[in-house]
Amino acid sequence: MNLALWIVAGLLAVLALVGGLTKAFMNKAKLDELGEKSGGGWTMHASTGFVRTLGGLELLAAAGFVLPAALDIAPVLVPVTAVCWILLMIGAMITHGRYGQYRFVAVNFVYLAMAAFVAWGRFGPESFTG
């Protein structure tokens, strides 16, 4: 179970890192263009500041899924990060739902379920404090 939790947290960290880097550092016009091609064009309706803020939150999540436990510095932040990711995914699902992007709603639900598994496992049976 511990290994599964590490793997899922690592996958979420990679997903958050890629999404965060893209949103935080890619030119918004380019991001809008990519979103339009892939069907995820919600960024066209969002301000640059909002997109950059989401990117920053995703970068923090990428660090929070792995580093606290790996460095043994406040490892309780791993499940806290997972709970925050759940909230972020709820917002993403609502946003994609508003634009009729239901395949992204489904993808975000999978990410939410993965984070729920990490939160449950790290607050419960495989807690770092136990």
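Trainee: Against which helices do the buried residues of H3 pack?

Mentor: Some terms come first. Helices (H or I, at least four residues) and strands (E, at least two) are DSSP runs, numbered from the N terminus. Contact means heavy atoms within 4.5 Å, and buried means under 20% relative accessible area, exposed over 50%, partly exposed in between (1.4 Å probe, protein chains only). Here, the buried residues of H3 pack against helix H1 (2-25), helix H2 (28-38) and helix H4 (77-98). This is a predicted model, in which local features need pLDDT of at least 70 and side-chain atom pairs count only at pLDDT 80 or more, while totals for chains, interfaces and linings use all residues. Residues are numbered from 1 along each chain as its sequence is written, and side-chain values use heavy atoms, with hydrogens and water left out.

Trainee: Which residues of H3 are buried?

Mentor: As a general idea, an α-helix has 3.6 residues a turn, so residues three or four places apart point the same way. In H3, the buried residues are Val51, Leu54, Gly55, Glu58, Ala61, Ala62, Gly64, Phe65, Pro68 and Ala69.

Trainee: How is the span of H3 checked against its number of residues?

Mentor: The expected span of a helix is 1.5 Å times one less than its number of residues. For the 23 residues of H3 (residues 48-70) this gives 33 Å, and the end C-alpha atoms are 33 Å apart, which agrees.

Trainee: Where does H3 bend?

Mentor: The bend at a residue is the angle between axes fitted to the seven residues ending there and the seven starting there. H3 bends by about 35° at glycine 64, and proline 68 follows within four residues.

Trainee: What is found in the loop between H3 and H4?

Mentor: Aspartate 72 has its place in that loop. Its phi is near 55°, a positive value in a residue other than glycine. Aspartate 72 is exposed, with a relative accessible area of 61%. Alanine 74 also lies in the loop between H3 and H4, and its phi is likewise near 55°. Alanine 74 is partly exposed, with a relative accessible area of 38%.

Trainee: At what angle do H1 and H5 cross?

Mentor: The axes of H1 and helix H5 (residues 102-123) come within 10 Å and cross at roughly 135°, and the two helices are therefore oblique to each other. Among the residues making the contact are Leu5, Val8 and Leu12 of H1, and Tyr111, Met114 and Phe117 of H5.

Trainee: What covers the buried residues of H1?

Mentor: The cover includes H2, H3, H4 and H5. Among the buried residues of H1 are Leu5, Val8, Ala9, Leu12 and Ala13.

Trainee: Is arginine 98 buried or exposed?

Mentor: Arginine 98, found in helix H4, is exposed, with a relative accessible area of 69%.

Notes
Axes fitted to C-alpha atoms, helices over the stretch in contact; angles between N-to-C directions. Parallel < 35°, antiparallel > 145°, perpendicular 65-115°, else oblique.
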